Amino acid sequence: MASVHESLYFNPMMTNGVVHANVFGIKDWVTPYKIAVLVLLNEMGRTGEGAVSLMERRRLNQLLLPLLQGPDITLSKLYKLIEESCPQLANSVQIRIKLMAEGELKDMEQFFDDLSDSFSGTEPEVHKTSVVGLFLRHMILAYSKLSFSQVFKLYTALQQYFQNGEKKTMEDADMELASREEGERKMEKEELDVSIREEEVSCSGPLSQKQAEFFLSQQASLLKNDETKALTPASLQKELNNLLKFNPDFAEAHYLSYLNNLRVQDVFSSTHSLLHYFDRLILTGAESKSNGEEGYGRSLRYAALNLAALHCRFGHYQQAELALQEAIRIAQESNDHVCLQHCLSWLYVLGQKRSDSYVLLEHSVKKAVHFGLPYLASLGIQSLVQQRAFAGKTANKLMDALKDSDLLHWKHSLSELIDISIAQKTAIWRLYGRSTMALQQAQMLLSMNSLESVNAGVQQNNTESFAVALCHLAELHAEQGCFAAASEVLKHLKERFPPNSQHAQLWMLCDQKIQFDRAMNDGKYHLADSLVTGITALNSIEGVYRKAVVLQAQNQMSEAHKLLQKLLIHCQRTRNTEMVISVLLSVAELYWRSSSPTIALPVLLQALALSKEYRLQHLASETVLNLAFAQLILGIPEQALSLLHMAIEPILADGAVLDKGRAMFLVAKCQVASAASCEPLKKAEALEAAIENLNEAKNYFAKVDCKEQIRDVVYFQARLYHTLGKTQERNRCAMLFRQLHQDLPFHGVPLINLL
């Protein structure tokens, strides 16, 4: 179940999707790229309405805003963008720039003189207050302030810009005519050369204030909504370093660097960038200008709060507690109730393993409602629901609490928390063993559209809750034997959350667990053992448990028992009830595999009591199966059969396919054992019913490709057919058993012989 406090941190960059870069001292200036954009605007004004179609005009208008706000690009790329919108205009722009670059300096001066004519007349081509008009006026003003030497350098840069563009265009044409193999080899060299030239052209100077604001706003929005569309961590850091090289006091660039380093789990660099952000914010006086002297203290307390959140994210709980205490002290001195509420929420996150943490959480929710903080109040409610789910509260009470929080979400349009709430419901239903309800909630989240307005082509649900729901969906399909569907879900997860993204660990663990289960079902214990290392790297407790399962399957009972005992003590100390029950079941299996079913009974009863107390239906059903098998081994099949009749319904309704097969196999064993003392006619009927149950169990095992269980089923069927005198069916099952027995590794005594 995902943590619902993952996004609870102060983000000063984003306010209604706009980055506030109020400490930037660099104004707009003229570059060769901006001259090319000015030529495009001039040609658009000179071209009549009949020469350009309505659709082309619309595409050009959509292209203008990113060209005006974005960073400088190469001339060849600019040509391609214009050509995609209007090929005729692209040709005119290319000719105009060529004449200017191959002409004389006076041609460029005449061009800037003619730009002022765009505002003249009763019906000017461009309004002075429009986006295009402001850009033209800024460029005209910046050009008029240049000295003669600066104008000459600008013209020289324009010539170099044009020559690089022409060279790139000719090289692209040559590459199209060359053969495929030669073209591929040449492409690698050209990419290297072009990247260097692009850096020389586009990164020769700092970005202007508007370009920097647009770049930071765009990347911050992509990191939040669709990380795959953002620059890679290395590329983004390179651009930020270049930006900070010309203006090291640009605080918001340090904050974006902090977010970027969080993507790759770099604790040192992220801490460094976060501290630099608040240092620059205080040194520049940006907060103090807007909030008076209070701004200084506000920066300090939020710096400590963010530092606490950072340490908590990386598991440094002692450092996080110290930073949080500092934030609380400064917030109390300043009487900042909002900051104190954030601190109270993080206090719960740090102390949620304590038994009295729910008191702190309830107090946090009440205070958040009192101060009108719906986001914090909803996070508190969902954390409270999560805690009570682990405490074994009934599902109807939890769903009622989530319903109240949903009303809060829809009232305040908190789309991110709506997604978290649905993912929370999915996890709760899976925890309680209700796979059908979990599947319904996961699909509901996938079919939802976000309330946030994002750009076209940007995925709206690339959040942690979306990844959690997809992982649940993959595991649910794998449990039902639909491995092809599970693979498709995982493939989609890998595309949407690349390995370098911050939520990639969720699908990595899910993928490793599914592969492990398939390897165990197929009897490939060496392959399962190799997967344990990857699982342990992502989740140490899960990895240790899987290692014990592999050792047990390989008949290394003493090593498995030692590992399980250590894991049991650790999980009891950390109150991981779900894992405690799983470990107890594995310990009980060790006992009856070692021909000690009487010792296994108290362990199984302890596991059953815990699963009933915490309402874990899946684990309770699995415990009942183990209890029934222990009773069968002890020679009381009638009681085992009555116990199975009580547990078979939830298993067939919501259980995994493997559990359904085990249940039907065990029912057949109990039927045969119960009919041993019956009359011949009733015994034959019981054996026929057992064969039908065995066929059903075999179909279940075939869905998950569990060959070892199929081998045991056909062996048992052969014995039953032999008892009934059905020679042909017996021989068919015996032949199938022999084939499977030769293909599969053999470890220890088959459990069927214990009957």
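User: What should I know before we start?
Analyst: This is a predicted model, where local features need pLDDT of at least 70, side-chain atom pairs count only at pLDDT 80 or more, and totals for chains, interfaces and linings use all residues. Residues are numbered from 1 along each chain as its sequence is written, and side-chain values use heavy atoms, with hydrogens and water left out.

User: How many salt bridges are in the whole structure?
Analyst: A search of the whole structure gives 20 salt bridges. A salt bridge here is a side-chain nitrogen of Lys or Arg within 4 Å of a carboxyl oxygen of Asp or Glu.

User: Which residue does Glu479 pair with?
Analyst: Glu479 bridges to Arg430, with the closest N and O atoms 2.8 Å apart. The pair links distant parts of the chain, 49 residues apart: Glu479 is in helix H22 (residues 464-479) and Arg430 in helix H20 (residues 415-431). Helices are DSSP runs of H or I with at least four residues, numbered from the N terminus.

User: Is Glu479 buried or partly exposed?
Analyst: Glu479 is partly exposed, with a relative accessible area of 28%. The cut-offs: buried is under 20% relative accessible area, exposed is over 50%, and partly exposed is in between (1.4 Å probe, protein chains only).

User: And Lys513, what does its side chain meet?
Analyst: Lys513 forms a salt bridge with Glu475, at 3.6 Å from N to O. That pair also links distant parts of the chain: Lys513 in helix H24 (residues 504-521) and Glu475 in helix H22, 38 residues apart. Lys513 is buried at 19% relative accessible area. Glu475 is buried too, at 16%.

User: Which residues are joined into one network?
Analyst: Arg430, Glu475, Glu479 and Lys513, through salt bridges that share partners.

User: Switching topic. How many residues does H9 have?
Analyst: Helix H9 (residues 209-225) has 17 residues. From first C-alpha to last it reaches 24 Å, close to the 24 Å expected at 1.5 Å a residue. The expected span is 1.5 Å times one less than the number of residues.

User: Which H9 residues are buried?
Analyst: Among them are Phe215, Leu216, Leu222 and Leu223. Gln211, Ser217, Gln219 and Asn225 are buried in H9 as well.

User: What about Ser334, where is that found?
Analyst: Ser334 is in helix H15 (residues 317-334). Ser334 is partly exposed at 25% relative accessibility. Its C-alpha is separated by 8.2 Å from that of Arg298, 36 residues apart along the chain.

User: Now the loops. What is the phi of Gln265?
Analyst: Gln265 has a positive phi of about 60 degrees, although it is not a glycine. Most residues other than glycine have a negative phi. Gln265 lies in the loop between helix H11 (251-263) and helix H12 (267-283), and is partly exposed at 34% relative accessibility.

User: And where is Arg615 found?
Analyst: Arg615 is in the loop between helix H29 (597-613) and helix H30 (617-633). Phi of Arg615 is also positive, near 60 degrees. Arg615 is partly exposed, at 39% relative accessibility.

Note on methods
Helix = DSSP H or I, 4+ residues; strand = E, 2+ residues; numbered from the N terminus.
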